[in-house]
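Subject: Structure handover

Hello,

Here is the structure for you to look through. My notes follow below it.

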Amino acid sequence: MNEHDSEMLAGMLINLGYWENPVRNQADVILINTCSVRENADKRFFGTLGQLKKEKRNRPELVVGVCGCMMQQQHVVDTLKAKYPWVDLVFGTHNIHEFPLLLENILNERKKLVSVWDDGEEIVEGLPVHRKHPFKAYVNIMYGCNNFCTYCIVPYTRGRERSRNPEEILKEVQKLVADGVKEITLLGQNVNSYKGPKPDRVTFALLIYALNKIDGLERIRFMTSHPKDLSDELIQAYVDCTKLCPHIHLPMQSGSTAILKRMNRKYTKEGYLALVEKLRNAVPDIAITTDIIVGFPGEKEEDFEETLDLVQKAQFDSAFTFLYSIRKGTPAEKYGEQIPEDVKHQRFSRLVEAVNSISVEKNQAHVGRVEEVLVEGQSKTNRNALTGRTGGHKLVNFKGGKDLIGQIVKVRIIDSTTFSLTGSLE
Ligand code: SF4
């Protein structure tokens, strides 16, 4: 979501006549779009701001702006005002459409400006976007979240759920396809609870059926989906909609039903496994990936073992694993029984080992198969190789000319590692 917001902010700057300068100390405007999901991102933000102090002293005409989720937290704005006077502009997640106006104000008045809205009922359509890739695009279908998982800051920084009108989404995707986009990723904190306006109340699954009919569009992906709202209708969409990629990211967070309850996740370990089974029955080859938090307050050794057990039973293709970190303002901040750091780290290593050994086997099973790969660019580690993604979102490296970037090609898989596949063009 933040990445896509950055694409929109870049689009607005380009419309104003700016261009992206990779050399920071030559830029006229430096804008930091922040994330507050984890503590680490907070720390990096303040570290980067510290580095900009000298820059601003040397070049007072430089505009330093900060925006994104962290700005929706009053204590962050207070800290900025008190300790970082070289920041010129502060705005939040609900008014990014105001950015050109705010910037113009700064340039004309040369006065500091803080504009953070508490909420954003209105969805602003048609903002310019500067996409990283010409052949794939993010498409927001909804904003905000109503779930209030007890560890998560997002409902406080992004507000309540608001779904876009399905007609606006279809129009946007048709335009993207006309511009050469082959793959779209539908974005929302919980896409499964997408609901179009009355009286039709288009569901997320129905939206996918409608998108599947768009000529020229080749792949549909989405993230992220909450297990409690994963409907049979959506599972059926995987069977019926040929463009819907056989991949789902379904965050499990913990394998312990007791911890899931403390997290306010509203499903059980058994319920989660039943969903995995339903998905695999409907789409045997579906790739399932997940998020797992280690060391949530009150997590006992037996709870952690439930997590390891769920990992074994669900056989995830891969997982993002996180050490729990306290987020100020969330209910879990006030929970007792915080887990000592050494215990968290030790559990984390055991979990990563379990997840990776399954990923190795899952990837190995692709060797010998021919996969359709959307070529995304040159490999970061080998400039002579190309890199792309299968429908199941596996990373594939193979030899080929740069002219293939943006194409969907057939690649025979010849080798695999924990995190990627190697292939050769068919
Ligand atoms: S579903 Fe839970 S984890 Fe996801 S954004 Fe909403 S509150 Fe956060």
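One cut-off first: a residue is buried if 20 or more other C-beta atoms lie within 10 Å of its own, exposed if 12 or fewer, and partly exposed in between. By that count, five of the six residues of strand β2 (residues 63-68) are buried, so β2 is largely enclosed by the rest of the structure. Strand β1 (residues 29-34) runs parallel to β2, and six bridges join the two. In that pairing, I32 stands opposite V66 of β2.

Please keep in mind that this is a predicted model.

**Overall**

The chain has 426 residues, and 38% of them are buried. It holds 12 helices and 17 strands. The C-alpha trace spans about 60 × 55 × 50 Å along its principal axes. The radius of gyration is 22 Å, which agrees with the value near 22 Å for a compact globule of 426 residues. Take the contacts with a separation of 6 or more: 73% of them come from residues 24 or more positions apart.

**The ligand shell**

Ten names to select in your viewer: C145, N147, F148, C149, C152, V154, P155, Q189, N190 and H226 surround the ligand. How do the residues of this shell divide into nonpolar, polar and charged? Six are nonpolar, four are polar and none is charged.

F148 counts as exposed because it has 12 C-beta neighbours inside 10 Å.

**The open sheet**

Three strands make an open sheet in the order β5-β8-β9, with parallel pairing. β5 (136-140) and β9 (219-223) are the edge strands, and each pairs on one side only. From one strand to the next, the twist averages 25 degrees.

β5 pairs with β8 (residues 183-187) over five bridges, in the parallel sense. K136 stands opposite E183 in β8. N140 has L187 as its bridge partner in β8. Helix α6 (residues 166-178) lies across β5 and β8, and runs at about 170 degrees to β5.

**The barrel**

Five strands form a closed barrel, running β13-β14-β15-β17-β16. Its pairing is mixed. Neighbouring strands here are turned by 50 degrees against each other on average, direction ignored.

β14 and β15 pair over five bridges in the antiparallel sense. L386 stands opposite F398 in β15. The loop between β14 (385-390) and β15 (395-399) contains G391. G391 is buried because 22 other C-beta atoms lie within 10 Å. Leaving out residues up to four places away in sequence, G391 touches R219, C245, P246, H247 and E372. G391 and E372 are 19 residues apart in sequence, with 6.9 Å between their C-alpha atoms.

**Backbone points to check**

Most residues other than glycine have a negative phi, and most peptide bonds are trans.

- K198 to P199: the peptide bond is cis, with omega near 0 degrees. P199 is in the loop between β8 and α7 (204-212).
- M223 to T224: this peptide bond is also cis, with omega about 0 degrees. T224 is in the loop between β9 and α8 (232-240).
- K266: phi is positive, about 65 degrees, and K266 is not a glycine. K266 lies in the loop between α9 (257-262) and α10 (269-282). With 14 other C-beta atoms within 10 Å, K266 is partly exposed.

**One more residue**

N105 is in helix α4 (residues 99-109). N105 counts as partly exposed because it has 15 C-beta neighbours inside 10 Å. N105 and R24 are 81 residues apart in sequence and 23 Å apart in space, C-alpha to C-alpha.

Best wishes

Definitions and conventions: Residues numbered from 1 in each chain as written. Predicted model: local features only at pLDDT ≥ 70, side-chain atom pairs only at ≥ 80, totals over all residues. Near = placed C-beta within 6 Å. Nonpolar A, V, L, I, M, F, W, Y, C, P; charged D, E, K, R; others polar. Helix = DSSP H or I, 4+ residues; strand = E, 2+ residues; numbered from the N terminus. Rg over C-alpha atoms; globule rule 2.2 N^0.38 Å. Contact = placed C-beta atoms within 7 Å. Pairing = 2+ DSSP bridges. Axes fitted to C-alpha atoms, helices over the stretch in contact; angles between N-to-C directions.
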